[in-house]
Each structure stands twice: as structure tokens, then as C-alpha cells.
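I opened the model to look up a few local features. My notes follow in the order in which I made them.

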Amino acid sequence: DRASTAQVHPGRITPAGGDGNHRPTARLLGADLAELERTLHMVRLPRALEYARLNGLNRIVHRASGDRVGLVAAGKTYFDLREALAVLGLAEADLERYGIRLLKLGLIWPVEPQIVTEFADGLDEIIVVEEKRAFVETSIKEILYGRAGAPAVHGKRDAAGLALLAATGELDADAVATGL
């Protein structure tokens, strides 16, 4: 393992949203803790969601009319997913032909509900590709729960309850292709 620092121009990204009034604190007792809990749910998480939405951190990278299946991934796993699709012989034109929609998450917590509902609209099934436990999968299920016409959401297990994507170890393109 090693680390490095990348120097980037400060004007490279111009984030939108937020007023910058929240100040972190290490005082975690009594009234201070209650205030931190209040601001977490009433200020900071809503701001994080707004920031993600305004700055396009989560993107539907492939969408066509008539899509039936949605694939969701973030970070390295998104690139494993794209490579798995290539291993399966699916190019961009094939995604459209077979009705496959892709969502690339840049912020996995909190998962932004607006992009999830927009992504899910009209789909029959969503498959979440993620390493380790079903973190994003669970968040997407929670967002879509109770919505009329919501697609089935799978990831670690398929509709029959059988293992689809490993919950341990590291996923790679071959493992993702096998699961798909």
C-alpha cells in the first residue's frame, strides 16, 4: 500500500448548493450531541442530497426508451460492470437493443432518491453490483418500497434467493459477468 497527493487547480470544480454554515465539532456530550443529531437529519443529510443532485454526482449513463433492466454500480465496481458487459459481448448499441439502463453512483450514502426513482421508472428489474454487503441495494429497495410499479431489486441474491454476486471478497469483471 502507498499514498500520494494530486495537485489540481482549485477552479477545476465549482460546486453548487450549500451555504457553508455548518461547523464540525468534537463536542459529543449532552446538548451538543442532541444538536449534532438534529443537524445530521435536518441539515447535513439534506444538504448532501442537494449537493449530489446539483453537481451531478450520480448519473444515468445509458438510457433508451423501452429499457427493462437497470444495472447500478459505483466506483471501481462500475468499471468492472462495464468490462463485464464487454465480456458478455454487449456494446453500447446492444444495451439499447436489449433494454438495459445504467446508473453510475458517485455518492453511495446517502443514496439520492430522485435519481433512483428517475432511473427505476419503467424498469422491470434493477440489479445492483457492489462489493461486500448489500449496502446500496438495501438503500434502493428502501427508496422504492411501496411505490406503484416499482421494479424488483436484486444484487447479492436473485429472485429465487440464490447467490447472484458474492458478498465476500473482491468482485472483478468475470465474477460480475457470471452473475449477470
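I began with K132, which is partly exposed, with a relative accessible area of 45%. I take buried as under 20% relative accessible area, exposed as over 50% and partly exposed as in between, with a 1.4 Å probe and protein chains only. K132 has a positive phi of about 65 degrees although it is not a glycine, and its place is in the loop between β4 and α5. Helices (H or I, at least four residues) and strands (E, at least two) are DSSP runs, numbered from the N terminus.

I note that this is a predicted model, in which local features need pLDDT of at least 70 and side-chain atom pairs count only at pLDDT 80 or more, while totals for chains, interfaces and linings use all residues. Residues are numbered from 1 along each chain as its sequence is written, and side-chain values use heavy atoms, without hydrogens and water.

Next I checked α2, residues 75-87. I found T77, Y78, D80, L81, A84 and L85 buried in α2. Seen down the axis of α2, the buried residues fall within an arc of 160 degrees, so they line one face of the helix. The arc is that of the directions from the helix axis to the C-beta atoms. On the face of α2 turned away from the buried side, I noted the exposed residues F79 and A86. The buried residues pack against β1 (59-62), β2 (69-74), α3 (92-98), β3 (100-105) and α6 (173-179), where contact means heavy atoms within 4.5 Å. Just after α2, G89 takes a positive phi of about 80 degrees.

I then turned to α4 (residues 113-120), where I115, V116, F119 and A120 are buried. They cover an arc of only 125 degrees around the axis, which puts them on the same side of α4. Their cover includes β1, β2, β3, β4 (125-128) and α5.

In the loop between β3 and α4 I looked up P110. The peptide bond from W109 to P110 is cis, with omega near -5 degrees.

Last, I listed the residues that line the largest pocket: L45, L49, W109, P110, V111, P113, T138, S139, E142 and I143. The elements that give two or more residues to this lining are α1 (30-54) and α5 (135-144). I see that α5 gives the most, with four residues. A pocket here is an open set of points on a 1 Å grid over the protein atoms alone where a 1.4 Å probe fits, with protein on both sides within 12 Å along at least five of seven lines; lining residues have an atom within 4 Å of a point.
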